[in-house]
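Hi,

Have a look at it first, then read on.

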Amino acid sequence: MNQVTFKGGSHPPQFKELTKNKPVKVAEAPKEVVIPMSMHIGAPCKPLVKRNDHVYIGQKIGEEQGFVSVPIHASVSGTVKAVEERQHPNGNLVMSVIIENDGLDEFDPNIEVPPDYTTMEPQEIINHIKDYGIVGIGGATFPTHVKLTIPEDKTVDTVILNGAECEPYITCDDTLMQENPELVIQGLKIIMKAIGVDKGYIGIEDNKPEAISIMTDAASNEPNITVVPLKTKYPQGAEKQLITAVTGREVPSGGLPADAGVVVNNVGTAAQIAKSFNTGIPFYEKLVTVTGEAVSEPQTLSVRLGTPFQEAIDQAGGFKKEPGKIISGGPMMGVAQFTTEVPVIKSTSGILCFDEEQAQLPEPTDCIKCGKCVEVCPIRLQPFQMSAFALQNDWDECEALNVMDCIECGSCSFVCPAKRPLLSSFRTAKRSIAKRGKK
């Protein structure tokens, strides 16, 4: 088995054995869901419901605003208790629809199963994907219909599904590929039809041998689809690194995958596309890995959107010890939470619960100019220099050093022997430069 990879990267401990090869557990629907009107990159949705309205599963409750936006749907049937600002996993207060679950699980009676996708025109497929509220499930939540709308000046000939799942602890994609490989293959074929290409790849890291074997068998009768084993190395799942590993092509600085003739989607996104095309039901639930040393029974759960983190944790047996930190996502790129009452959203791949010992941050010391951060940077930047200027609020020098190309993978922070706050300084620099550009 020949594995491919990219230059740079790091090898953080995996910690995937906590949930690896455990079957998906369907979580009980909560008594109340909080559904933010912003669960994707782009314009937030406009609420379509008001207090005391009755809603069904799959009913559209948030209307998209503009091209880079997707509708949002109810994940339970019941009564709208409120439409108000609530805490979001990104740390902000976001307009949300709060629904009291009636326990009946009634689906929207207006839902219709679409025609076979093979009979559809490409634009019709893309329109359905938008109407189903589908976004990149891998974490970025970029509206999928936007990705599949190729600019006239670009030529795309390849689709890559990202099954790398390189973030430590998280195993929902691995579990999905083992339990529902046919959905992943079908979703990939729908994507390929939508953009008119005849070559598809599924990249999977070699620490998932079961998934590689199962997906290879599932694709055995698909001459245009190839499963590509990847070396286990972080951040192998980043778009640009995945493209280089699978095709040998490079995305130019400031460019998009389409500039390299490629569209990249997550395996979970592909599976959701297939599910919606098979049933007509929009995106209303997802797989979430609830894990960490503070959790009693780490699990991969199928969770309704809008489920409070605490209820998902309770479905995994609750806490077995006092949590020191709760992270939405994984330890490398996830976002720490100050409350477990935030809701599961479309980008929630994991709920990671560290105990107090793991949550302790080491004290940073002076940079020793060892160059390790340069060696591991997958974008080939100069992290130690960028951080030095960022900590001085020198945004011009940061921009000159291409800080905006940083993919925020955290590899530099992980390997830094001085435990410098590299990644956090880059995020600050990028926000400041972006604000300055808007002004």
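Leu161 sits opposite Asn265 of strand 12. The two belong to a parallel pairing of strand 9 (residues 158-162) with strand 12, made over five bridges; strands count as paired if DSSP finds at least two bridges between them. The element numbers come from DSSP runs counted from the N terminus, with helices being H or I of at least four residues and strands E of at least two.

Before going further: this is a predicted model, so to speak of local features I need pLDDT of at least 70, and side-chain atom pairs count only at pLDDT 80 or more, while totals for chains, interfaces and linings use all residues. Residues are numbered from 1 along each chain as its sequence is written, and side-chain values use heavy atoms, with hydrogens and water left out.

Back to strand 12 (residues 262-266): five of its five residues are buried, where buried means under 20% relative accessible area, exposed over 50% and partly exposed in between (1.4 Å probe, protein chains only). Val262, Val264 and Asn266 point one way, Val263 and Asn265 the other, and all are buried.

Now the helix packing around helix 4 (residues 181-195). Helix 4 and helix 7 (residues 267-279) pack at about 85°, with axes 7 Å apart; axes are lines fitted to C-alpha atoms, for helices over the stretch in contact, and angles run from 0 to 180 degrees between N-to-C directions. That makes helix 4 roughly perpendicular to helix 7 (under 35 degrees is roughly parallel, over 145 roughly antiparallel, 65 to 115 roughly perpendicular, the rest oblique). The helix 4 side of this contact includes Leu183, Val184 and Ile191, and the helix 7 side includes Val267, Ala270 and Phe277, contact being heavy atoms within 4.5 Å. By class, the contact of helix 4 with helix 7 has 11 nonpolar, three polar and one charged residue; Ala, Val, Leu, Ile, Met, Phe, Trp, Tyr, Cys and Pro count as nonpolar, Asp, Glu, Lys and Arg as charged, and the others, Gly among them, as polar.

With helix 5 (residues 209-218), helix 4 packs at about 55°, axes 9 Å apart, which makes the two oblique. Pro181, Val184 and Ile185 of helix 4 meet Ile214, Met215 and Ala218 of helix 5, giving six nonpolar, no polar and no charged residues.

Five bridges join strand 2 to strand 8 (residues 93-101), and Val33 has Ile99 as its bridge partner in strand 8.

The other has three strands, in the order 3-5-6, with strand 3 (46-47) and strand 6 (72-73) as its edges. Two bridges link strand 5 (residues 60-63) to strand 6, and Gly62 is partnered by Ile72.

Finally, Gln59 lies in the loop between strand 4 (54-55) and strand 5. Buried or exposed? Gln59 counts as buried, because its relative accessibility is 19%. Not counting residues up to four places away in sequence, Gln59 touches Val49, His54, Ile72, His73, Ala74 and Asp108.

Cheers
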